[in-house]
Amino acid sequence: MKRQILILLVLAIVSAVNAQTEQRGRRFGKWSMPVNLGPPVNSAANENSAVLSKDGLTLYFSSDRAGSEDIWFAKRKSIKFNWEEPINLGKIVNSDSVDRLRSISSDGRILLFQSNRLIGSQGGTDIWASTRNDPNNDFDWSAPANLGSVINTAQNEIAANYLFARQRLNPQLFFSSVRPGSMNNSPDIYISEIFSDGTFGAPVNVSELNSSYTEACFWVREDGLEIFFSSTRTALNNDLDSFDLWTSTRSGIYDNWSPPVRLTSNTPDNRDVGPYLSATWTTMYFTSNRSFSGGLGGTDIYVMTRRRLLGSQ
């Protein structure tokens, strides 16, 4: 399993390099008003953590519509068609515990998710990985592997996203954790280098992104220069309904992140979490429990867009 993940990491790096060559230099306008995806993706249950495939035809997400929280996917024939009825990813990946999708590599071959399953766990909720050789086969996923004791601890690890930026010698794993050393014993964002033998380097706290409150689910742009994440810092508490979406940028892959900025799409006293940025960097999916804009119950998946500014490459 370790060798398979390493091989797929190399393939994902190549894919990311090609994508960044096309996307480099783009500038963007403001985000549109969020729109509820509606049924059949959203239901009266809780839907979370949507991730769109690179071709835009498969949407992966988590839902507890069948009882326990599992990973599901929905298909559409083209980006102009509606989503078809979602399908459970199956028992090879899902368990009777909470299985919450966190990210899928840009080449569609590595899936990272958060789970509190007991067998193979380091304790609390851990980050797990599943891989597939065929990025078009949604039933080709391998049995999940725990990312191990360097990344996972007896505390809670919450979110994870690979960064394969072409400027870096080694890829990185961004993840959120409540490990010792986190600010005020709240979840913080960390990074770990991934070495050529597939091992992880000692995690480093990304202090310029973190606060004394909770920094949880996030998405890192493929070139490593923009991040979107969830934080409770505005409300000065760790309540679930205090989560807002924030963003930060940096000029270079080795630079520090800018002071985070709160997105205007957030709503007071509602949970806005789980950002995902599309391969074109112009569409964002996120999770919210807002009920006044078409919410179907529990948490739903929303989408908003931004346009590429004239004159950007």
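Helices (H or I, at least four residues) and strands (E, at least two) are DSSP runs, numbered here from the N terminus. With that in hand, the protein chain can be described as one helix and 20 strands. The model is a predicted one, in which local features need pLDDT of at least 70, side-chain atom pairs count only at pLDDT 80 or more, and totals for chains, interfaces and linings use all residues. Residues are numbered from 1 along each chain as its sequence is written, and side-chain values use heavy atoms, with hydrogens and water left out.

A look at the whole chain comes first. Of its 313 residues, 57% count as buried, where buried means under 20% relative accessible area, exposed means over 50%, and partly exposed is in between (1.4 Å probe, protein chains only). Contact is taken as heavy atoms within 4.5 Å. Among contacts between residues at least 6 apart in sequence, 53% join residues at least 24 apart.

Asn170 is found in the loop between strand 10 (157-163) and strand 11 (172-177). Asn170 counts as buried because its relative accessibility is 18%. Once neighbours within four places in sequence are set aside, Asn170 is in contact with Glu193, Ile194 and Phe195. Thr305, by comparison, belongs to strand 20. Its relative accessibility is 38%, so Thr305 counts as partly exposed. The C-alpha atom of Thr305 is separated by 5.4 Å from that of Ser32, although the two residues are 273 residues apart along the chain. Ser32 is also one of the contacts of Thr305 beyond four places in sequence, together with Lys30, Trp31, Thr282 and Thr283.

Two strands are said to pair if DSSP finds at least two bridges between them. The sheet has four strands in the order 14-15-16-17, with antiparallel pairing. At its edges are strand 14 (215-220) and strand 17 (261-262), each of which pairs on one side only. Strand 15 (residues 226-231) and strand 16 (residues 244-249) are joined in the antiparallel sense over six bridges. In this arrangement, Ser230 stands opposite Leu245 of strand 16.

The interior comes next. In soluble globular proteins, nonpolar side chains tend to be buried together. A nonpolar core is defined as a set of buried Ala, Val, Leu, Ile, Met, Phe, Trp, Tyr and Cys residues joined through side-chain atoms within 4.5 Å. The largest such core has 36 residues, of which Leu59, Phe61, Leu111 and Tyr285 touch the most other members. At least two residues of this core come from each of strand 2 (47-52), strand 3 (58-63), strand 4 (70-75), strand 6 (99-104), strand 7 (110-115), strand 18 (272-277), strand 19 (283-288) and strand 20 (300-305). Apart from this core lies another, of 21 residues, including Phe174, Val178, Val220 and Ile227.

Grid points are joined across faces, edges and corners, and a volume is the space filled by probe spheres set on the points.

The structure holds one cavity of 30 Å³ or more.

The largest pocket has about 530 Å³ of space. Its lining comprises 32 residues, with Ser53, Lys54, Ser105, Ser106 and Gly108 the closest to its centre. Strand 10 gives the largest share of this lining, three residues. The second largest pocket has about 450 Å³ of space. Among the 23 residues that line this second pocket, Arg100, Arg102, Ile158, Leu240 and Phe243 are the closest to its centre. At least two residues of its lining come from each of strand 2, strand 6, strand 14 and strand 18.

Notes: 1 Å grid on protein atoms, 1.4 Å probe; cavity = no way out; pocket = protein on both sides within 12 Å on 5 of 7 lines; lining within 4 Å.
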